[in-house]
Structures are given as C-alpha cells and as structure tokens.
Amino acid sequence: MKKKWWQEAVGYEIYIRSFQDTNGDGIGDIQGIISRLPYLQALGVDMLWVTPFYQSPYDDMGYDISDYESVAPEFGTMADFEQLVQSAHQAGIKIVIDMVLNHTSDEHPWFIASKSSKDNPKADWYCWDDGKDGQPPNNWISAFEGSAWTYVPEREQYYLHQFSRKQPDLNWRNEEVVKEIFSMLSFWLDKGVDGLRLDVINSLLEDVELRDNYFIATGELVDYENTSDEIAFNPDIVQDNTRNHPDTFAMIRRMCKEVFEKYGDVFTVGECWPCTPAVADEIVGENGLSVAFNFDYHLLGKMEVANFKEIIRKWEASLEWRHTGSWNCYYLSNHDMPRQVSRFGSESERIESAKMLAAFLLTAPGTIFLYQGEELGMTDVRFPNIKGYQDIQCVNLYKRLVESGKPEAEAFAEIQKMSRDNARTPMQWDSSKHAGFTTGKPWLDVNNNYQELNVALAEAEEDSVLAAYKSLIKLRKQYKTLVYGSYEELFPEHEQLLIVQRKDEVATLITIINLTGEIANLPELPFKLADAKNLYPKESVVKSIIPPFAAYVMEL
Ligand code: NOJ
C-alpha cells in the first residue's frame, strides 16, 4: 500500500467551545484556535479535528446543525475559518472538520418544511412513519431519551431521531438529500480542508421495513430499558436494524467515490457505534474511509489490564489491514468520555499515570488522536450540583433516574462519573481567572484544579506531562517503526505490564509499560537489557524493577 500522510499523523481534537475564547463571550472561537497554533506546533501535532462550529441551537452542543454552510457567530466568521485553514497550513498543520450527516437540527429549514405537511417539497427528506396502533413503529431507541420516534400532530406521523428529539434523522434513501449533502461536502473541501470526521457514520440508513431490533438467538425483541449496552449493542447478539445496515456501507463507498476521491488524499475518519473489526472492514479500506473510530477504549470504564491489552491486540491481529489498504486509529479520550487519567490512571498519581497513558498511545501503531488537555493530564470535574452540568445526555439521564425513584444523591453520583462535561471544561492555559480561557464568564465552569494544572506551569517544568507528550511525539516522528512496524506482544498474560516488540526493516523497538499503580517485576526478556539503547524516558530500567505507571521505549 502506498503510504498516506495521515497514517503517521498525530491528530488533536479541539472542542472549540472550550479551547480558547478571544472575544470575551465565554465561548471558544476560531480566532482562539489561530492564536494557539504556535502552542500546537510546539506540541508536534499534525492535524486538528475541530468540532462543529456551524449554526446550531446547541441542543447537543453543535451536533445539531441548522445550517451546514455557515459559521455560527459565537465562533467567528467564514473569513476566520478561511484564515484558520491558511494559518494552520503555514504552520504545517492540517484541518479536519466535523460533519454530522445522520441528522440535522429540528430547527434546520429542511426539517421545518418537512414537518409542516405530508406533501411539501421536503416532505420526504426525513424518516417519517405512521406508527402502529397509536405507538411508534418499532423498538428503536434514542441515545439520549427513550424511543427514537417523536409524534408530530401536523403530519399525524412519527419522525426518527437516533439522538435527541431535536436531532431528526435525514432520509438517506432520498436522492435529493444525497445530492444536497454531497454538494455541501464539496463546499468545505473546496475551502481547502484536509479531512473530515464523520459523526455516527454507520447510522445513515435503516431497515426499509422498520423491523424491530431483536436478539439473534431467540428472536425476542430487545428491551433497551433492561438490557446493558454491552449486550444491546453487540452485533453478534442483537440484530440491529438501525446501525451498520448494508445500505449504509454502500452509501459510504458512494460518498468516497463521488466526493472524497476527487480531492486526492483527503483524510476521513468515520465514527462507528457499535464497531467491530468486521464493521470497520466494511467502512475502511481501498474504496472506503481512511480510518474508523471504534468505541472499545471508550467502553472500558477503568483500567482492566487484560482487557486494555486485548483491545489493541484484537485490532492489530484481526484485520488484513495492511493488504487491503485499511488502517487503524487509536485514541483514549474525546469530548464524549470522561478524562483518561481519571478513568485509566490515577488522580492521586496524576503525572505518572498521565505520562504512562501518553506512552501507550504514542507508541501504538496507526493514526493517533489526542484530545485537548490530555497533554496536560487534565482530570474529571466535580461540579457540586446538577446545575453545573450542561451535557444533554447526563442531564436527561439524571432526570430519568430521579423520576424512576433513585435517591437524588445516588443519581447525581452516577452522572458525575459519566458526564461528557468531564472532558468539556475549558482548556487550562494559565493560573489567571478562568484559567486564561476567557475574560468573560465561561459557558461551562473551569475545573477548579487549574491553578496547579495548566499550560503555563507545564511549559516551565522539565518533567511535566506536556514535556512527555512532546518527547514521545518527537520519538514517533523519528522512529516510523512505531507507526508502521509489526506489533508483537511479549508476555501477553502479564498482569501488569504491556511489553511489545515493534519491528520493521529500519529498527526493532521494545516498549515496556506498567499499566498499574504498583511496582512490577520484569520477566526475563529474550535480550539483555544492557544491550538495549534507551530512547524514552531519560532514565533506563533499573534491575528489572518497573515502578508504578512507568513506561520505557528502547531500541535493540
Ligand atoms: C457523536 C458525537 O461525538 C456526540 O457528541 C454527539 O452527541 C452524537 N454523535 C450525536 O451527533
């Protein structure tokens, strides 16, 4: 396979609302990103994934678009966006924009027209159905609130929304919708963007007959209220007629052929939920997207060493990637999940565990994505009460739990842990008021640990988490073996250590990572430690003892 620029890229997700505000309205903006390009350049990242900045009522923080070809005023202007593309390119950084194609906002003019009657020109642009006996047509559920169907009296029909009721699903079986969206994608690609992150891309088309989702083994319908997500969304267990439909796979290939291929090496990453290697195989490869975001690390709530190691082993082993032109992609954090240090590391040993996670990710094969603030070791936030939270998913869940009789304190503890706001608190730039994020009132409060955890402090310290990220990114650029080399785990059964050999024609590298907060003993390696050249960190392994959360990269 011919190498592509994005295979060795280290991406960085910018949650625009929370990155850097420049006009004092408490909301991050495009000029804020431009002002921080030198920081991102010094960090060493190659591409920025910028979360939605289009017009939107912000029911789901911009993943509910009401005008695809616009820049919302709180983020700036189209001229600002064009300046961002140009300035980023000058700094050697590519721009990847976030595209939400499964649904629009219910405030999009298309939906306003569509819902007005059964015979308007946009009547068939969304997924409408009469329902059955005064009930929704099937048992499909919304990710945020009960049934995926909402009734509209004007049409005496239900519309489909796999997310909130303010996010109606577009009807991808309508050619006019397909053409409109394809032309909109070209609008942005013509502006010089280098790639797209495609939101829930494996959900585009559903079963034409709107059949229920059921258990494959018994034919019984899935009762989503009483079935855990691990089971309900496991494609080997449940026949899911909403996600991963063969027509969706065909539509993605069509999109690649009719839009993306015309733009050469454009990078496309499809968010896929749920995603198995078989699903990724349908979506990624010669005629498909560049990579897929799977949810495996997302679903792992805490550090379970065996499972943590198994995920990467599975993805590396199961795909004929390198032959079919497919490629893997790894990340540990994004705007939808709690902070990685709080989940997989330890808040009390924040610095050590953040560095360990950095070493894991930045020595993994494939394309890598970091999430803003992870390079500082930012942690989850704990707002004192539900009023502090804005994430629709956690606010809705809290209401549901309390309504179902759960004591408020228990419901609150549950949502505090899973809230997406954990990752969405403003970036911590310095020790000044609101962490240097804004001169106004931030849209979401800053985590109150900002005075000891911020960029300015990290830049001044030689041993900071930030310094570790910089060194590891540099090492990854220097040793492409970390990107392209074979992946062979040594001692796969080890209960604390991840020991991996990476090899290509240029080098043989060994990584040793203690995934736990306890000292680990290094088993006898098939080479002498003394013969290995230490690449990271400065100190090498001493007497086969691996301290808690320590990580090493060496060359044989
Ligand atoms: C995935 C996005 O990352 C998430 O933030 C959003 O709520 C859903 N897709 C719906 O668009």
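**Entry 1: helices H13 and H18**

I began with helix H13 (residues 350-362) and helix H18 (residues 465-478), whose axes come within 9 Å and cross at roughly 15 degrees. For my own reference, helices are DSSP runs of H or I with at least four residues, strands are runs of E with at least two, and both are numbered from the N terminus. The axes are lines fitted to C-alpha atoms, for helices over the stretch in contact, and the angles run from 0 to 180 degrees between N-to-C directions. H13 and H18 are therefore roughly parallel to each other, given that angles under 35 degrees count as roughly parallel, over 145 as roughly antiparallel, 65 to 115 as roughly perpendicular and the rest as oblique. I noted the crossing of H13 and H18 as right-handed, a word used when the near helix is turned clockwise from the far one by less than a right angle, with left-handed kept for anticlockwise.

I then listed the contact (heavy atoms within 4.5 Å): Ile351, Ala354, Lys355, Ala358, Ala359, Leu361 and Leu362 in H13 meet Val465, Ala468, Tyr469, Leu472, Ile473 and Arg476 in H18. The residues of this contact of H13 with H18 divide into eleven nonpolar, no polar and two charged; here Ala, Val, Leu, Ile, Met, Phe, Trp, Tyr, Cys and Pro count as nonpolar, Asp, Glu, Lys and Arg as charged, and the others, Gly among them, as polar.

**Entry 2: what kind of model this is**

I reminded myself that this is a predicted model, in which local features need pLDDT of at least 70 and side-chain atom pairs count only at pLDDT 80 or more, while totals for chains, interfaces and linings use all residues. Residues are numbered from 1 along each chain as its sequence is written, and side-chain values use heavy atoms, with hydrogens and water left out.

**Entry 3: helices H14 and H15**

Next I looked up helix H14 (residues 392-403) and helix H15 (residues 408-418), whose axes come within 9 Å and cross at roughly 155 degrees. That makes H14 roughly antiparallel to H15, and the crossing of the two is right-handed. From H14, the contact takes in Gln393, Cys394, Leu397, Tyr398, Leu401 and Val402, and from H15 it takes in Glu408, Ala411, Phe412, Glu414, Ile415 and Met418. I sorted the residues of the contact of H14 with H15 into nine nonpolar, one polar and two charged.

**Entry 4: cysteines**

Cys394 is buried at 0% relative accessibility, where buried means under 20% relative accessible area, exposed over 50% and partly exposed in between (1.4 Å probe, protein chains only). Cys127 also counts as buried, at 12% relative accessibility. I found zero disulfides in the structure, a disulfide being a pair of cysteine sulfur atoms within 2.5 Å. The sulfur of Cys127 is 19 Å from the closest cysteine sulfur, in Cys272, which is too far for a bond.

**Entry 5: two single residues**

I found Met99 in strand S3 (residues 94-99), buried with a relative accessible area of 0%. Its C-alpha is 6.6 Å from that of Leu196, although Met99 and Leu196 are 97 residues apart in sequence. Leaving aside neighbours within four places in sequence, Met99 is in contact with residues including Tyr54, Tyr68, Trp188 and Leu196.

Gly146 lies in the loop between strand S4 (128-129) and strand S5 (149-152), and at 31% relative accessibility Gly146 counts as partly exposed.
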